[in-house]
Each structure stands twice: as structure tokens, then as C-alpha cells.
Amino acid sequence: MKNIAFTVAVLKTRILAGVAAGFMLIGHASGAEGRPDTVIADFEGTNYGAWTVTGEAFGAGPAEGTLPGQMAVDGFLGKRLVNSFHKGDGTTGQLTSPPFKVERSYIRFLIGGGGFAGKTCMNLLIDGKMVRTATGPNTQPGGSEHLGLQSWDVHEFAGRTAVLEIVDQATGGWGHINVDQIIQTDHRLPGLIKEATPDDIQEAVSEPARQEWRPQARDAPDRQRENRTGVRDRVGR
Ligand SMILES: [Ca+2]
């Protein structure tokens with residue numbers, strides 16, 4: 001009996017470890033009512049659709065990845081992304097979304113490029129007033145063109161009409177912004193596991209791993225291997 005109890009204890013430990021690993025992997029941390037995510041923009045079209053564009057920096061439509069003279073861009077989803085490096089860092093401009101209704105607790109997106117507040121950024125406006133902003137990670141020479149996940153808690157704006165602005169008003173080094181895959185979701189970002197409750201873990205276990213929030217390297221198997229080991233291509237052109 002003792003051996004059986006010991007075996008059960010080991011199994012429980014292993015199951016819990018597996019649950020924790022799976023939980024971190026799929027990042028289901030909200031415990032919300034399970035409303036499906038909605039896509040605000042995936043920037044897969046050849047033009048910006050209902051978004052309005054000003055200036056030269058954003059080009060005529062989403063870029064197919066890296067632009068001439070730019071370090072290799074990765075971390076975006078699909079084939080295209082917003083990339084304001086058209087004609088280099090010296091150009092400026094702005095992309096503005098059509099109005100949309102805030103209908104989930106979080107707005108989540110991929111962002112990279114310059115890290116200059118107010119100058120290389122994406123802003124959320126409610127009634128014309130900026131209520132959230134985000135930048136890329138880079139303010140110094142070097143760095144990386146990798147897009148990373150960021151998220152805003154917007155539950156306090158539920159039901160309100162919002163507008164997104166993607167801004168490039170910087171002209172020096174890292175004077176550009178990259179954005180992709182903007183969604184509304186009830187799920188918190190992966191990485192907030194410390195806030196998980198037992199209900200969250202149960203939810204994570206009861207649902208299959210979701211694929212849509214694993215930004216993939218674009219195509220090349222060797223690039224995917226690099227991503228798995230955390231090494232990024234930092235070679236300039
Ligand atoms: Ca995309």
C-alpha cells in the first residue's frame with residue numbers, strides 16, 4: 001500500500017508539473033467567460049483597407065517582412081506586417097484605424113522597432129483622448145527587429161468606441177515602428193502565470209493548446225531553429 005501511495009504521489013507531482021508546463025505554454029490565464037478572440041487587424045492585405053495612412057513611412061500597404069536596408073524582421077504573423085521603415089528611418093507618417101468597439105478585456109498585439117514614447121508608438125484613443133500607448137524595444141544602436149507581444153488591459157473601456165494610431169514621428173536611428181496582429185481577447189498574456197488561480201489551471205487543462213498566439217519565424221527551418229534557441233538574426237545589411 002505504501003508503494004502505491006508513493007506512486008500516486010509521484011504521479012500527482014508529475015501531472016501538476018505537466019499542467020504547469022502546459023499552462024505556461026498555452027498561456028490561458030484569464031478564467032474569463034471564454035469569449036473567442038476577435039481580430040482588429042492582421043495586416044495581411046496588400047493595402048491598409050479601412051485604415052487611413054499619412055506620410056511616407058508606412059508605404060502604400062503592409063510590408064512583406066523586411067524592407068531594403070533593414071535588419072531582418074521576424075516575430076510577425078503571416079506574410080505581412082506594418083513596417084514604417086519605407087525609405088529608411090528618415091520618413092514619418094501615421095496609420096489610423098477605423099473606429100471599433102471595445103468588446104474584450106485586453107487588446108493584444110505584436111510590436112517592434114523604435115522605443116521612443118510618443119514618436120514610435122501605437123496609441124489607443126477613447127473619445128479622442130489617448131488612454132494607452134506602447135512602443136517597440138529599441139532606442140540604442142544594435143538591438144533587434146524582432147516583434148514581441150504586448151497587451152493592454154482595457155476592461156474599463158468595455159462598450160466604448162476606440163481608435164488605434166500607429167505613429168512614426170522619429171527620423172533618427174530606430175526611427176520606425178513595426179506592428180502586427182492586433183486582437184481583442186479575454187485572455188491575459190502568457191507570462192502572467194503567477195496570477196493564475198486553480199480555475200485558470202483547470203481551464204488551461206481542459207482546452208487544447210491554441211496555436212494562434214505562437215508567432216512563428218516566417219518560413220526557413222534554420223530560422224525556426226534559431227528562434228527556439230533564442231538567437232536572433234542581428235546581422236545588418
Ligand atoms: Ca500579419
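Trainee: Where is the place of F58 in the chain?

Mentor: F58 sits in the loop between β2 (52-55) and β3 (82-83). Strands here are DSSP E runs of at least two residues, helices are H or I runs of at least four, and both are numbered from the N terminus. Residues are numbered from 1 along each chain as its sequence is written. This is a predicted model: local features need pLDDT of at least 70, side-chain atom pairs count only at pLDDT 80 or more, and totals for chains, interfaces and linings use all residues.

Trainee: Why does F58 count as buried?

Mentor: A residue is buried if 20 or more other C-beta atoms lie within 10 Å of its own, exposed if 12 or fewer, and partly exposed in between, with C-beta atoms placed from the backbone. F58 has 27 C-beta neighbours inside 10 Å, so F58 counts as buried.

Trainee: What does F58 touch, leaving out residues up to four places away in sequence?

Mentor: F58 touches V53, V82, S84, H86, G93 and L95. Contact means that the two C-beta atoms, placed from the backbone, lie within 7 Å. F58 and K87 are 9.4 Å apart, C-alpha to C-alpha, and 29 residues apart in sequence.

Trainee: Why is K87 called partly exposed?

Mentor: K87 has 13 C-beta neighbours inside 10 Å, so K87 counts as partly exposed. K87 lies in the loop between β3 and β4 (93-96). Its phi is near 60°, a positive value in a residue other than glycine.

Trainee: Which loop holds W174, and is W174 buried or exposed?

Mentor: W174 is in the loop between β10 and β11. W174 counts as buried because it has 24 C-beta neighbours inside 10 Å. W174 also has a positive phi of about 60°, although it is not a glycine. Most residues other than glycine have a negative phi.

Trainee: What makes a nonpolar core?

Mentor: A nonpolar core is a set of buried Ala, Val, Leu, Ile, Met, Phe, Trp, Tyr and Cys residues joined through C-beta atoms within 7 Å. The largest one here has 32 residues. V82, F109, L110, M122, I166 and V179 touch the most other members. β6 (106-113), β7 (120-126), β10 (161-168) and β11 (177-185) each supply at least two residues. β6 gives the most, with five. Beyond residues up to four places away in sequence, V179 touches L81, V82, F109, L110, I111, M122 and I166.

Trainee: How do you know that β7 pairs with β10 and with β8?

Mentor: Two strands pair if DSSP finds at least two bridges between them. β7 and β10 have seven bridges, in the antiparallel sense. T120 stands opposite D168 in β10. β7 and β8 (residues 129-135) have six, also antiparallel. N123 has T133 as its bridge partner in β8, and I126 stands opposite K129. β7 and β8 form a hairpin with two residues between them, and D127 in the turn has a positive phi of about 50°.

Trainee: What is the average pLDDT of the chain, and where is it below 50?

Mentor: pLDDT is the predictor's confidence in each residue, from 0 to 100. The chain averages 78, and 66% of the residues score at least 70. Over residues 192-196 the pLDDT is below 50, and this stretch has eight contacts beyond near neighbours in sequence. Residues 204-237 are also below 50, with 34 such contacts in the model. Where pLDDT is low, the predicted coordinates should not be read in detail.
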